Amino acid sequence: MSKLAVGLTEPVFTVPYRVIYGDTDAAGVVYNANYLRYFEIGRTEMMRAWALPYSAIEEMGCILPVTESYLRFKAPAAYDDLLTIATSLVEVSRVTCRFHYAITRDSADDRSVLLVKGFTAHACINRQGKLTPFPTVVMEKITALLGK
């Protein structure tokens with residue numbers, strides 16, 4: 001698989017999001033950087049629903065900063081569009097993980113229009129900023145998502 005190949009793998013978590021006016025730019029479309037926020041919504045809600053909330057991971061002394069991201073834009077979103085953020089966890093190692101995303105909008109004929117797809121990669125670090133293995137309970141929960 002190419003490093004930039006992006007495909008969702010089961011299980012796929014979905015969450016709706018309604019575009020607010022503040023998400024748009026002067027052209028009336030969602031500003032490109034906001035899609036990374038949408039990815040974060042998908043990722044954090046998936047973790048909250050299927051594994052454990054980020055706050056619990058942080059209480060264990062771990063932070064999961066984004067170390068790499070990629071977005072491929074296909075179509076624009078605008079104010080008041082109802083989007084679907086689909087997220088899947090595709091890779092886990094001792095100290096890293098990678099999530100894939102697809103953001104869609106239903107069209108007038110009830111077909112799903114792909115707006116953007118992409119990924120984020122994360123490292124597990126301690127409060128001193130040093131790479132550290134995922135705590136056992138976190139590793140158990142997230143690796144279970146790979147085969148859920």
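**Aromatic contacts and sheet arrangement**

Tyr17, Tyr35, Tyr38 and Phe73 are linked into a cluster by ring pairs (rings of Phe, Tyr and Trp, the last by its six-membered ring, with centres within 6.5 Å; planes under 30 degrees apart count as stacked, over 60 as edge-to-face and the rest as tilted). The model is predicted, with local features requiring pLDDT of at least 70 and side-chain atom pairs pLDDT 80 or more, while totals for chains, interfaces and linings use all residues. Residues are numbered from 1 along each chain as its sequence is written, and side-chain values use heavy atoms, leaving out hydrogens and water.

By this rule, the count is 7 aromatic pairs. Among them, Tyr17 and Tyr38 form a tilted pair, at 4.7 Å centre to centre and 45° between the planes. Tyr17 lies in strand β1 and Tyr38 in helix α1, so the pair ties together parts 21 residues apart in sequence (helices, H or I of at least four residues, and strands, E of at least two, are DSSP runs numbered from the N terminus). Tyr17 is buried, with a relative accessible area of 14%, and Tyr38 is buried at 0% (buried means under 20% relative accessible area, exposed over 50%, partly exposed in between; 1.4 Å probe, protein chains only).

An open sheet of 5 strands has the order β1-β3-β4-β5-β2, with antiparallel pairing (strands pair if DSSP finds at least two bridges between them). Strands β1 (13-18) and β2 (66-73) stand at the edges with a single partner strand each, so one side of each lacks a neighbour in the sheet. Strands β4 (residues 96-106) and β5 (residues 112-123) pair over 11 bridges in the antiparallel sense.
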